[in-house]
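Morning, everyone. I have one structure to show today, and I will keep it short. Please have a look at it first.

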Amino acid sequence: MTKNLLSIKDLKVNIEEKEILKGINLEIGEGEVHIIMGPNGGGKSTLAYALMGHPSYEIVQGEIKFKGEIINDLSADKRAKKGIFLSFQYPEEIPGVTVEEFLRTAKTSVTGETQKIIPFKKLLKEKMELLDMKEEYASRYLNLGFSGGEKKKNEILQMSVLEPSLAILDETDSGLDVDAIRVVAEGVNKLKNDKRSILVITHYNKLLNYLNPDYVHILLDGRIVETGGLEIAKEIDETGYENIKSQFSYDGGQ
Amino acid sequence: MLWNRIKLDDFDFPEVVDYKKEYVEFNNLPKEVIIEKINKDNNPTVDNMDVIEYRGLGRKFTDFVEKSHNCGIYLNIPKYVKFDEPIKVNFRMDNEDSSVIDNNIIIVGEESEVTIVFDYETQNEFRGFHNGMTRILAKENSIVNIIKIQRMNDVSQNFDTNMAFVKSNGKINWTSVELGSNISGSSYTTYLNEEASESELNSIYLGDGARKLDLEYSMIHKGIRSMSNIRTHGVLMDESKKVFRGNLDFKTGAKRSKGIEEEYVILLDPNVKSDSLPALMCDEDDVQGEHAASAGQIDKNKLFYLMTRGLSEREAKKLIVEAQFKPIIDNIPIENLRNIINSEISRRLTNA
């Protein structure tokens, strides 16, 4: 039995008083890869933001336990320091701060150790090569003028540099071409080891072919309605979400 | 009028004593250039700098400079002169030199180019007083870069009036860095008098503590096809107050001219006050004036994004503010000054 990394119990989350997550239960062990699939509006991104601690996402019930500690009330930076990472679906543009400066600052914050310029430059260069990113990206302003695909790669670059214990990938595969998906998946597989876990949130299953998930969950109308292996994802690939929706009398989130 | 908003109606000037320290620094001065210090006894006359329409802090302030100045530079650059290095002017207020009333006159000849950096500072907690005036004549095809840095302490007072008169194809680039003082009023007026004259003004300001800031930037277009661009980035925190006035004034004759004015301000605390009064005046139809502004808190989602990478809320805010200022600071041609400015901004933001 693997050691537990993340444990979510009966989690209910509101956005502006509206209940989006209606009681989520999920356990992620060390070294596991979990996939959460589901139609749009089901609460997938809400789960990602709630796990990361966005102030607009209000936990009204339940608990999130990470590495044995309840983190419900921790701010996002404290969660990052504990080892949670979120790859954003829509990364923010920060003019005036280069990718390199930003990542050096972030790595210093997350590890609590000052990152010396020269060794960090070397580390960044290695990670960028693995992701097939041109060196010039290091000196560009963070996400400014990046294409959708470049932004996603940049998120994965940040993940590889920060080396979190739990990486949550929110729709990282959307907007990526086949080559980029392969490169991103390689980056994810490189990070994964018997201590580090991955939670992939996706609408499609493009990324699934490259990852080797331990569990696939279906999130529908704020609840996880089904959990299994890769076969669930295959079924959805063939028949879409309609079968599951009718099975659980999905009301379209109304 | 002008000072109503920051309540400075009944203002008295202090007694002025001579300014004794050396304040001009330059290397490899081209030999035809005349540079002199202005004082009570050396008072050069000013030609070709006729104010069409007065703007700025008010006659009270400029009259005082004309009458009571205790320092300043007179710089006369003939045609076709290029400088290897910027001229640096540093005024430091302390027990010896309690006030700076500088009267600066700069004449730049045809096809010449010069960069002058003015740096105003105070020693420790000494209560300094600065009221100055800088007048510039930029002749045909000349380029004049003026950089003004105001980093006086929080008990000092700063007033600064700047005017430039630009001839055809001449260009003046203003850079203003406003970081200190209890009360600070600065005004930049550019008279784009002739054909294709041009001006750019880039400024950054930081309001913290109880600072009151009054900024006035005017571009007065008179020449055909004249161009102007005002871009200002500011941050207000604690209980600071700011009034910004940006004027694009197209006079008769300024056909096919274009002016752009942008103001961005970040409000870090709920008790700050930010007033913006952009104005566009047109005597001609065939002109283009653009205005853009935004004032508000740092975007919540941007802040969250940075925090998910381990930065505390304060560190994340600091990063965004410093990033806004960076392009302007990077343009200052003296490394030592860039470092001083960066650490001054960092210090003021950390104390927040």
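A word of caution before the numbers. This is a predicted model.

Chain A first. Its secondary structure comes to 8 helices and 12 strands. How does the radius of gyration of chain A sit against the globule rule? The value is 18 Å, close to the 18 Å that the rule gives for 254 residues, so chain A is as compact as a globular protein of that length.

Now chain B. Here we have 4 helices and 19 strands. Chain B has 352 residues, and a compact globule with that count would have a radius of gyration near 20 Å. Chain B has 20 Å, which agrees. Along the principal axes, its C-alpha trace spans about 60 × 55 × 45 Å.

There is one annotation to mention on chain B. UniProt, in an unreviewed entry, lists residues 91–323 of chain B as "domain: SUF system FeS cluster assembly SufBD core". What is the make-up of that span in the model? Residues 91–323 of chain B are 8% helix and 58% strand. The end C-alpha atoms of the span lie 28 Å apart.

Next, the contact between the chains. Chain A gives 20 residues, and chain B gives 16 residues. Which elements of chain A give two or more residues to the side that touches chain B? They are α2 (76–82), β7 (94–98) and α3 of chain A. By class, that side of chain A divides into 11 nonpolar, 6 polar and 3 charged residues.

Helix α3 (residues 99–111) of chain A packs with helix α5 (residues 148–162) of chain A. The angle is about 40°, and the axes are 10 Å apart. That angle makes α3(A) oblique to α5(A). The crossing is right-handed.

Which residues meet there? From α3(A), we have A:Val99, A:Leu103, A:Ala106, A:Lys107 and A:Val110. From α5(A), the partners are A:Asn154, A:Gln158, A:Val161 and A:Leu162. The residues of this contact divide into 6 nonpolar, 2 polar and 1 charged.

Notes: Residues numbered from 1 in each chain as written. Chains lettered and ligands numbered in written order. Predicted model: local features only at pLDDT ≥ 70, side-chain atom pairs only at ≥ 80, totals over all residues. Axes fitted to C-alpha atoms, helices over the stretch in contact; angles between N-to-C directions. Parallel < 35°, antiparallel > 145°, perpendicular 65-115°, else oblique. Left-handed = near helix turned anticlockwise from the far one by under 90°. Contact = placed C-beta atoms within 7 Å. Nonpolar A, V, L, I, M, F, W, Y, C, P; charged D, E, K, R; others polar. UniProt positions renumbered as here; feature names shortened; annotations may be inferred. Rg over C-alpha atoms; globule rule 2.2 N^0.38 Å.
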